[in-house]
Amino acid sequence: MVGARALVLRPMDRPSISFAANGRRYRRPTRPTLAICADGTDPAYLDDALAHGSMPRLAEALDAGGTLTLGKAQVPTFTNPNNCCIVTGVSAATHGIAGNHYRSADGHEVQLTDPSALRAPTIYAEAERAGIPTLCVTAKDKLRRLLASGGVPAVSAENAHEQTLPELGGLSVAEHYGRPNPGIYDPELSSYAIDLALHLASELGAMLVYVSLTDYVQHAAGPGEPLARAFYEGFDERLGRALDGGWVVGFAADHGMNAKSRPDGSPEVRYLEPVLAAAGVAPFHVILPITDPYVAHHGALGSLAWVHVDASAIDIATEALAALPGVEAVLGRESAAEAFELPPDRIGDLVLLADRSTVLGTAADKHDLSGLHGRLRSHGGLHEQAVPIAVLNPLRPGAIEDRELRNRDLHDLLLNDVL
Ligand SMILES: [Zn+2]
């Protein structure tokens, strides 16, 4: 009996073969695994890049059994909600990040960048808890604290010159890497984020790595334009380098991107505050959940808005807003929460969706459009919901058959379905 007892291993002595996050089990990675959020990568960019030979490594990987398919993003099709979907594996109804900011119960606008706003643990936090070394690198610093939630090592390329990790001996991340970080509106920032992640991952022995890029290029240039082609060439080179280094590699976009301008080049925008005022609605509060610290590339104009009004004004506000050309849907709070898997307490009394070529604003004098580079390209609505999901390593047969994929399934594919 004594001998038999001696053979019993305590759970902490042997790593389990899987870990759970938000009700889904993930296999412990046996190879280093890289998941990338290719910010603003509308499927049309990849179609163009593949047709013009700008992504030879992706093409080669697809020929060798890799997967490139379409999935759906979380609505609103903005960056923070979708990054949180990808890293938690669940919808915004569960993780709670419904926009880049929201109006709290006491009427204040709150940026959704604080980890306390996140209502579900990330896959990375759960992996760390299971003893799997992880790392998150985000191009834009606004996501860093959300990604760091649960003790995950997370740095941003934007602020790599002033951030450090305990393992780096007091040096800043950029100093340790030995390359200065580009500015927030430098087209090279995304490439730098991937390079930095691969460098740090090998230093730290990270086995599960997330890199979130920035959509500055996609806001500025459409598929086929030189800036976009150069971006995807650089992206492809890095995908190839990771594959050559033995990584399991995949990416998904947080949202697509569409042109939102008139033939004369000005933004196709509907300002909502004057419309509500003219209809006699008072009080009202229009929230544009695209608003973040980086407005030069989109002027805080996206294709979805929350509108807060008193219960007695719901009908008249709905009627006035629905009559606007370019507004394709006005939903009440509960219907929108149900239709799009949203947390009802973090959206508006009304949810407005604009059509493919229209964006929504508060009032003309509240948007600084001077920083826009050329014609407005933006996102946020239903027309940016189709996103590419790619796994460059072969998947087990049947892994994606009869499955309505979401970008939040990326880690399931990478950890559970790669052969
Ligand atoms: Zn984005």
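Which residue in β10 does T33 stand opposite? I found V248 there. Before going on, I noted that this is a predicted model, where local features need pLDDT of at least 70, side-chain atom pairs count only at pLDDT 80 or more, and totals for chains, interfaces and linings use all residues. Residues are numbered from 1 along each chain as its sequence is written.

**Entry 1**

I looked up the pairing of strand β3 (residues 33–37) with strand β10 (residues 248–252), and it is parallel, over five bridges. For my own reference, helices (H or I, at least four residues) and strands (E, at least two) are DSSP runs numbered from the N terminus, and two strands pair if DSSP finds at least two bridges between them. In general, strands of a sheet pair through backbone hydrogen bonds, either parallel or antiparallel.

I then traced the open sheet of seven strands, which has the order β4-β19-β10-β3-β9-β7-β8 and mixed pairing. β4 (67–72) and β8 (154–156) are the edges; each has a single partner strand, so one side of each has no neighbour in the sheet. Neighbouring strands here are turned by 15° against each other on average, direction ignored. Axes are lines fitted to C-alpha atoms, for helices over the stretch in contact, and angles run from 0 to 180 degrees between N-to-C directions.

Helix α2 (residues 43–51) packs on this sheet, touching β4 and β19 (386–391), and its direction makes about 55° with that of β19. Contact means that the C-beta atoms of two residues, placed from the backbone, lie within 7 Å.

**Entry 1: the four-stranded sheet**

Next I followed an open, antiparallel sheet of four strands in the order β13-β14-β16-β15. Its edges are β13 (284–287) and β15 (327–332), each with a single partner strand, so one side of each is left without a neighbour in the sheet. β13 and β14 (residues 304–309) run antiparallel, joined by four bridges, and F284 stands opposite V309 in β14.

Helix α13 (residues 314–322) lies across β13, β14, β15 and β16 (350–354), at about 165° to β15. Helix α14 (residues 333–340) lies across β15 and β16, at about 105° to β15.

**Entry 2: A354**

The cut-offs are 20 or more other C-beta atoms within 10 Å for buried, 12 or fewer for exposed, and partly exposed in between, with C-beta atoms placed from the backbone. Leaving out residues up to four places away in sequence, I listed the contacts of A354 as S303, G326, V327, E328, V359, L360 and G381.

**Entry 3: helix α15**

Last, I found six of the eight residues of α15 (residues 410–417) buried, among them L410 and H411. Their cover includes β2 (24–27), β3, α4 (79–88), α6 (123–129), β10 and β19.
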